[in-house]
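Colleague: I have the model open and want to go through its packing with you. Can we take it step by step?

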Amino acid sequence: MHSKDAFARHNGTAPLPVWSSNRARHRLSRTGNRQLNAAIHRIALTQARCHPDARALLARRKASGDGGMEALRILKRRLSDVVFTAMAADLSLMVTAAAA
């Protein structure tokens, strides 16, 4: 993948705009790699239960008026970015090791 946005599109965590009301909303894509999306979903649920930073994010988003699923969508996208960064770091280490 060439960017974190392309990775999010691939795993189904890129937000899609919804125009069914006067309020600007987004929803998760139902396309993409479903196994990868399911893995990110499990990470998000575990972090929502156990990780203080994720719990704070969800509480902050819910307090600002987002619903539970909207807050979880935002957490999943942030986790997708973290996974992409880790994968890119691993790739650069592999390339460096192969060149040496």
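Modeller: Start with Phe84, which is buried, with a relative accessible area of 16%. Buried means under 20% relative accessible area, exposed over 50%, and partly exposed in between, with a 1.4 Å probe and protein chains only. This is a predicted model: local features need pLDDT of at least 70, side-chain atom pairs count only at pLDDT 80 or more, and totals for chains, interfaces and linings use all residues. Residues are numbered from 1 along each chain as its sequence is written, and side-chain values use heavy atoms, with hydrogens and water left out.

Colleague: Is Phe7 buried or exposed?

Modeller: The cut-off for buried is under 20%. Phe7 has a relative accessible area of 3%. So Phe7 is buried.

Colleague: Which class does the pair of Phe7 and Phe84 fall in?

Modeller: The structure holds one aromatic pair. Rings of Phe, Tyr and Trp (its six-membered ring) pair if their centres lie within 6.5 Å; planes under 30 degrees apart count as stacked, over 60 as edge-to-face and the rest as tilted. Phe7 and Phe84 have ring centres 5.9 Å apart and planes at 35 degrees, so the pair is tilted.

Colleague: How many residues apart in sequence are the parts that this pair ties together?

Modeller: Helices are DSSP runs (H or I, at least four residues), numbered from the N terminus; strands are E runs of at least two. Phe7 lies in helix 1 and Phe84 in helix 4. The pair therefore ties together parts whose separation in sequence is 77 residues.

Colleague: At what angle do helix 1 and helix 4 pack?

Modeller: Axes are lines fitted to C-alpha atoms, for helices over the stretch in contact, and angles run from 0 to 180 degrees between N-to-C directions. The axes of helix 1 (residues 4-11) and helix 4 are 9 Å apart. Their packing angle is about 120 degrees.

Colleague: Which residues in helix 4 meet helix 1?

Modeller: Contact means heavy atoms within 4.5 Å. Helix 1 brings Lys4, Asp5, Phe7, Ala8 and Asn11. They meet Arg77, Ser80, Asp81, Val83, Phe84 and Met87.

Colleague: Is Val83 buried or partly exposed?

Modeller: Val83 is found in helix 4. Its relative accessible area is 23%. So Val83 is partly exposed.
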